[in-house]
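Subject: Structure for your review

Dear colleague,

Please find below the structure that I am handing over to you. I would be grateful if you could look through it alongside the notes that come after it.

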Amino acid sequence: MLLMESWITPIFFLCGVVLRPTSTQNTIPETVLNCCEGDVLFLLDSSGSVSTYEHYRMIRFLSDLLQPFSLGPDQVRVALLQVGTRPRLEFGFEAHSTQQSLQGALLGTTPLQGDTNTEEALRQAREQVLVPGGAGGARAGLPRVLVWLTDGVQPGAVGGPMAELRQEGVAVLAVSTGHGNYQVLQQVVTPPADSHLYFVDIDDMSIITKDLRDAIIELIRAERLQVRDMTSSSAVLQWRPILSGGTGFYDIRFGPIGKGGEGGHGTSTSTSTSSGPFRRLIRPGDSTWAELTDLQEDTMYMATLVPESNVDFLKPLTVTFTTLPEVLSPTMVELSESNTSSVKVSWGPLQPNSVQRYQVEYGALPRGEVRVVTTGPDQNSLILTQLQHNTEYLVTVSALHSTGRERAMSVRVCTQEDHPALKDLELTTVGSDSVQVRWTGSVEGLQGYWDSPWGGIVLHCTDLLRCDTLGSQFIQFCLST
């Protein structure tokens with residue numbers, strides 16, 4: 001009896017060494033906190049082919065895998081469905097919103113044993129757990145992920161049900177502690193298989209923890225902090241709700257990167273750290289956006305959103321962005337409605353908040369008198385009158401901005417030629433493609449056409465195209481006959 005006791009004691013000691021999680025496994029990667037938003041269902045094989053020890057190792061693996069994630073209705077939600085003769089939903093997506101609650105539920109999970117009825121488990125997953133928008137189901141509009149943990153023994157006819165899930169938008173990943181049925185598992189996971197399918201010995205599952213976690217993150221990563229409505233001097237930070245109402249506030253810090261200069265001047269508080277000067281804004285816990293103003297144009301900035309919670313530690317969110325180059329009006333000058341003595345000039349874009357006035361200068365080339373007209377910041381067009389006919393003009397539009405900077409653009413325009421009017425004009429059809437013309441007065445450009453016995457000329461349509469000095473009235477008459 002003493003010999004047996006001396007034999008048994010070391011066994012229990014060794015088991016304690018094997019099953020005790022290492023300090024590395026308990027280390028929480030801060031980069032995972034608050035990074036994602038989606039629903040992840042774990043399909044755990046706990047049938048008779050999985051020993052109690054193997055089941056325990058899988059549970060410990062899930063515990064380490066999920067520990068870094070932030071849980072909650074606006075973050076990651078987790079459900080666990082066990083596979084046995086009668087598959088059982090251990091807990092649904094709404095069950096756990098804290099790591100303490102989730103970890104307790106995982107470590108309290110017991111195996112089902114019995115047959116490996118994966119097909120029934122997948123039916124339950126598709127019709128109940130992963131239904132978007134259903135009661136107790138997944139959230140509509142967010143990523144859904146199924147992670148299947150199996151020993152690879154007799155997986156069953158899972159190809160069809162897995163394909164249906166993928167067609168409905170569910171990403172499928174698989175971890176097998178056996179080394180068989182590779183073809184089956186490769187066909188059911190969402191491509192690419194090299195990052196969504198893992199084969200590992202039961203005692204070495206920790207070596208794939210980071211890779212599998214990274215694969216899940218890529219599928220449910222949420223852009224929680226974004227920059228929108230950016231200009232040359234401002235930007236709007238927008239974030240998804242992180243703090244619960246009344247549990248804290250947001251500390252926003254921002255400043256230029258790499259220039260070492262001031263981060264601008266405004267109503268926010270200026271602060272300096274070892275990384276350089278930056279500014280701070282404080283927003284209440286129910287805020288979802290903040291406007292950053294008085295920024296430098298064409299400059300890269302870093303903004304950090306620090307959720308200061310009274311309840312939990314929440315990882316800061318950081319985003320970088322580059323302000324737009326300052327666009328000074330005018331960037332466009334157009335000419336229209338030109339005739340013999342006037343032309344319309346238009347410019348844009350209007351920037352009434354930054355432009356004090358516009359100035360339009362115009363003069364005949366090469367050395368004509370220059371005239372100047374000044375307009376207000378809300379006017380973007382002007383008709384220039386009393387121009388000389390058949391003359392080229394240079395038109396320059398300048399804007400004086402409130403910052404003291406000026407911008408000017410110039411264009412050239414040629415007024416139309418002045419043609420003398422015809423008197424007592426008579427048009428008579430001669431043929432299907434010609435017209436007899438009679439008038440009083442003289443018109444230049446008609447030499448060679450005086451061949452009509454009626455004291456006028458007869459013009460064919462082809463002649464009219466060469467005699468444009470007669471104007472469009474003849475052409476319209478000819479085309480109408």
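Predicted model: local features only at pLDDT ≥ 70, side-chain atom pairs only at ≥ 80, totals over all residues.

Salt bridges

Across the whole structure, the search returned 15 salt bridges. By way of background, side chains of opposite charge can pair when their charged atoms come close. I describe some of these contacts in turn.

Within helix H5, which covers residues 118–129, Glu 127 and Arg 123 are four residues apart, and about one helical turn therefore separates them. Their side chains form a salt bridge with an N to O distance of 2.7 Å. Glu 127 is partly exposed, its relative accessible area being 46%. Arg 123 is also classed as partly exposed, at 33% relative accessibility.

A further salt bridge joins Arg 126 to Glu 164, with 3.4 Å between the closest N and O atoms. Arg 126 belongs to helix H5 and Glu 164 to helix H6 (residues 159–167), so this pair ties together parts that lie 38 residues apart in sequence. The relative accessible area of Arg 126 is 29%, which makes this residue partly exposed. Glu 164, at 35% relative accessibility, is partly exposed as well.

Because Arg 412 sits in strand E21 (residues 406–414) and Glu 392 in strand E20 (residues 392–401), the contact ties together parts that are 20 residues apart in sequence. Arg 412 has a relative accessible area of 56% and is exposed; the cut-off for that class is over 50%. Glu 392, in contrast, is partly exposed at 34%.

Finally, Asp 39, Arg 77 and Arg 139 are connected through a network of salt bridges.

The second largest pocket

The volume of the second largest pocket is about 400 Å³. Its lining is made up of 17 residues, and those nearest the centre are Ser 232, Ser 233, Glu 326, Val 327 and Ser 354.

Yours sincerely,

A colleague

Technical notes. Residues numbered from 1 in each chain as written. Heavy atoms only, no water. Salt bridge = Lys/Arg side-chain N within 4 Å of Asp/Glu carboxyl O. Helix = DSSP H or I, 4+ residues; strand = E, 2+ residues; numbered from the N terminus. Buried < 20%, exposed > 50% of the residue type's maximum accessible area, 1.4 Å probe, protein only. 1 Å grid on protein atoms, 1.4 Å probe; cavity = no way out; pocket = protein on both sides within 12 Å on 5 of 7 lines; lining within 4 Å. Points joined across faces, edges and corners; volume = space filled by probe spheres on them.
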